[in-house]
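Reader: I'd like to learn how to read a sheet, strand by strand. Could you walk me through one?

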Amino acid sequence: MPARLGNAGVGLRGFLHWWSAGLRAWLPLRWQRLLSANGDRLLLQVQGEGVHLRRQRDDSVRDVAMLPLQLPGAGEGRDPLAGVLADAAAGLPRWLVLPASQGLRRPLLLPAAARERLREVLGFEIERQTPFAAADVFHDGRLLGAREDGQLQVELVVVPRARADAATARLGGLAGWLAGIDLADAEGRPLGVNLLPPAQRYRRANP
């Protein structure tokens, strides 16, 4: 059934959603399934001596598996999850999600010009807004909204580097396959930030 523009939202984002949904309806079912997973990610949360795997699609999260931290086959460039998960799940970007208690969040107001380089601008705010030195944390930010005067409502999110390093060390061989590190909110939901420095992010070739 063709997508209806009236249900897609308002503005450019709504139009693009309607347009892409209409195109997708003409594709074979197998291709539709592949495209629908493009925004999915595999969330990893360390719990005791295990790692909880969950799959996130848009705002929904569902359990996938609970695995031991020390997986056989890790190291030497081999993917520890390759023989554990189905191919579709094994190919998803993997994100470590840290507990809310491991990070610090600060709301800020920034000029509209900061939108295009938000992460860079927030890097200069770390030492003013947190008790940490910029070199001692991983950071990112998220845009919460824009005020009528043009100023941006944003949130600076930081995690001490030592805490992030300790969490990734516990993952063992899984750590080298991380596309990002996110922080959970008070309800345990990922914020949607990427605290992992760009140079350290694993990028899988997408055919």
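Reader: In which sense do S4 and S8 pair, and over how many bridges?

Author: First, the ground rules. This is a predicted model, where local features need pLDDT of at least 70, side-chain atom pairs count only at pLDDT 80 or more, and totals for chains, interfaces and linings use all residues. Residues are numbered from 1 along each chain as its sequence is written, and side-chain values use heavy atoms, without hydrogens and water. Strands (E, at least two residues) and helices (H or I, at least four) are DSSP runs numbered from the N terminus, and two strands pair if DSSP finds at least two bridges between them. Here, S4 and S8 pair in the parallel sense over five bridges; arginine 94 has leucine 178 in S8 as its bridge partner.

Reader: What is the strand order of the open sheet?

Author: Its five strands run S3-S2-S1-S4-S8, with mixed pairing. S3 (60-68) and S8 (178-183) are the edges: each has a single partner strand, so one side of each lacks a neighbour in the sheet. On the other flank of S4, S1 (residues 41-47) pairs with S4 (residues 94-98) in the parallel sense over three bridges, and leucine 44 has leucine 96 as its bridge partner in S4.

Reader: Which way do the side chains of S4 point?

Author: In a regular strand, side chains alternate between the two faces of the sheet. Arg94, Leu96 and Leu98 point one way from S4, Trp95 and Val97 the other.

Conventions. Buried means under 20% relative accessible area, exposed over 50%, partly exposed in between (1.4 Å probe, protein chains only).
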